[in-house]
Amino acid sequence: MERTFWDKGYPFLTPGAGFLKYPGKEAIEIWKAGADGLVIGSFTEVRRGGYPPPNLYFLENGLLNAFGLPSPAPEDFFLRLEELLKNIPSYAIIASFAMVTGDLNKARKILQQISDYGVRLELNISCPNVKCPLARAEDIIKLALKYFNPEDISIKLPHFTDLDALQKMVGELVSFGINIVIGNSIPGTWIDGKGNFVLSQPIGGYSGAAILPITLANLLVAKRVIRERNANSLLIASGGVSSPEDMLRCVCCGAHAIQVCSELIRGSYYSNRLLREIAKTIFRDWKIRFFLHLYELKPRNKEIASNLEEFKERVREIDGKIYISM
Ligand SMILES: Cc1cc2nc3c(=O)[nH]c(=O)nc-3n(C[C@H](O)[C@H](O)[C@H](O)COP(=O)(O)O)c2cc1C
């Protein structure tokens with residue numbers, strides 16, 4: 001499919017992968033509420049049922065989940081994508097794909113199909129609920145580069161506690177010219193008052209506010225590598241953003257774009273508000289507060305000041321949506 005309006009740039013504020021796993025009318029609600037783009041999926045090369053309940057447990061500052069990466073069959077996912085494209089422009093859609101079988105031939109077919117729809121690609125190699133080893137990252141990136149321009153590919157890394165390893169990994173990834181999402185949920189578990197695991201699986205993924213400091217440290221290190229190499233890669237923050245101030249913290253640490261997942265889930269589970277209202281709070285009100293505060297910040301630290309300056313230079317508003325020039 002021909003790429004149109006691509007020069008607009010990368011969508012600034014989107015839901016994180018997993019929220020629009022089976023994208024339908026709620027995806028359109030979120031778009032109308034003010035999201036600049038939509039990450040849909042993750043979907044996998046084969047249909048997956050996922051784990052039995054309980055799959056979700058709310059802790060004070062975070063969220064544990066073990067869904068096991070359920071996924072529609074690729075043909076079902078593509079039917080939903082076709083429907084979505086009747087209402088939402090292709091450049092605003094980011095299809096998240098997770099290879100789970102290790103079968104590169106199957107993956108090749110899927111990647112080609114995604115690119116035929118003219119949407120962007122996010123490669124999820126970091127789901128804590130399935131094994132998708134980082135060692136395969138290079139294979140899948142090389143395959144994706146046959147069908148996508150590097151600037152249309154993002155790779156979603158896990159959070160690293162070994163920052164030297166992160167530095168090395170980011171160095172390798174930016175040499176491909178692709179974008180980097182940091183990070184995913186982090187392996188975690190919880191035991192209830194009777195001594196039982198709270199989820200059906202002993203270990204799940206931990207996300208939400210509690211993981212933001214780890215996201216920020218990872219962003220800072222990744223951004224240093226991007227700057228040192230003079231690379232074009234964009235840096236996308238995913239992990240713990242639960243306020244407009246958190247969005248600012250991410251941009252201070254080098255992020256160009258932001259994803260929000262747990263806060264959307266918390267809003268949908270905890271309140272009786274309609275998704276439309278929750279989405280308006282996050283994708284409209286937060287964004288307004290973010291931009292009001294952005295121009296009030298006066299950082300003493302040079303690194304933060306330079307990250308903010310770069311962000312301000314790249315940001316554009318077009319037709320009520322915010323894009324980051326690439
Ligand atoms: C219930 C749930 C399902 C998720 N599913 C996916 C997924 O399919 N693919 C993916 O890349 N990330 C998935 N994630 C990770 C989120 O996109 C996000 O990276 C992570 O939760 C950290 O961000 P947050 O603190 O804003 O939630 C999922 C997270 C949750 C809580």
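A residue counts as near a molecule or strand when its C-beta atom, placed from the backbone, lies within 6 Å of it. With that in hand, let's start at the ligand: 26 residues surround it, and the closest are Gly16, Gly18, Ser207, Cys261 and Ser262. Before going on, two bits of housekeeping. This is a predicted model, where local features need pLDDT of at least 70, side-chain atom pairs count only at pLDDT 80 or more, and totals for chains, interfaces and linings use all residues. Residues are numbered from 1 along each chain as its sequence is written.

Back to the ligand's shell. It divides into 10 nonpolar, 14 polar and two charged residues; here Ala, Val, Leu, Ile, Met, Phe, Trp, Tyr, Cys and Pro count as nonpolar, Asp, Glu, Lys and Arg as charged, and the others, Gly among them, as polar. Strand E5 (63–65) and helix H8 (262–270) each supply at least two of the shell's residues. Those labels are DSSP runs numbered from the N terminus, with helices (H or I) of at least four residues and strands (E) of at least two.

Now for the sheets. Strands of a sheet pair through backbone hydrogen bonds, either parallel or antiparallel. Two strands pair if DSSP finds at least two bridges between them. Eight strands make an open, parallel sheet in the order E2-E13-E12-E9-E8-E7-E6-E3. At its edges sit strand E2 (13–15) and E3, each pairing on one side only. Inside this sheet, E8 (residues 153–157) and E9 (residues 179–182) run parallel and are joined by four bridges; lysine 156 has valine 181 in E9 as its bridge partner.

A second open sheet is antiparallel, with three strands in the order E1-E15-E14. Its edge strands are E1 (10–11) and E14 (315–318). Two bridges join E1 to E15 (residues 321–324), and tyrosine 10 stands opposite isoleucine 324 in E15.

Let's zoom in on threonine 44, found in strand E3 (residues 38–44). Threonine 44 is buried because 26 other C-beta atoms lie within 10 Å; the cut-off for buried is 20 or more such atoms, with 12 or fewer for exposed and partly exposed in between, C-beta atoms being placed from the backbone. Leaving aside neighbours within four places in sequence, threonine 44 is in contact with Leu69, Ser71, Ala98 and Val100, contact meaning C-beta atoms, placed from the backbone, within 7 Å. Threonine 101 is 57 residues away in sequence, yet 8.7 Å from threonine 44 in space, C-alpha to C-alpha.

Note on methods. Two residues are in contact if their C-beta atoms, placed from the backbone, lie within 7 Å.
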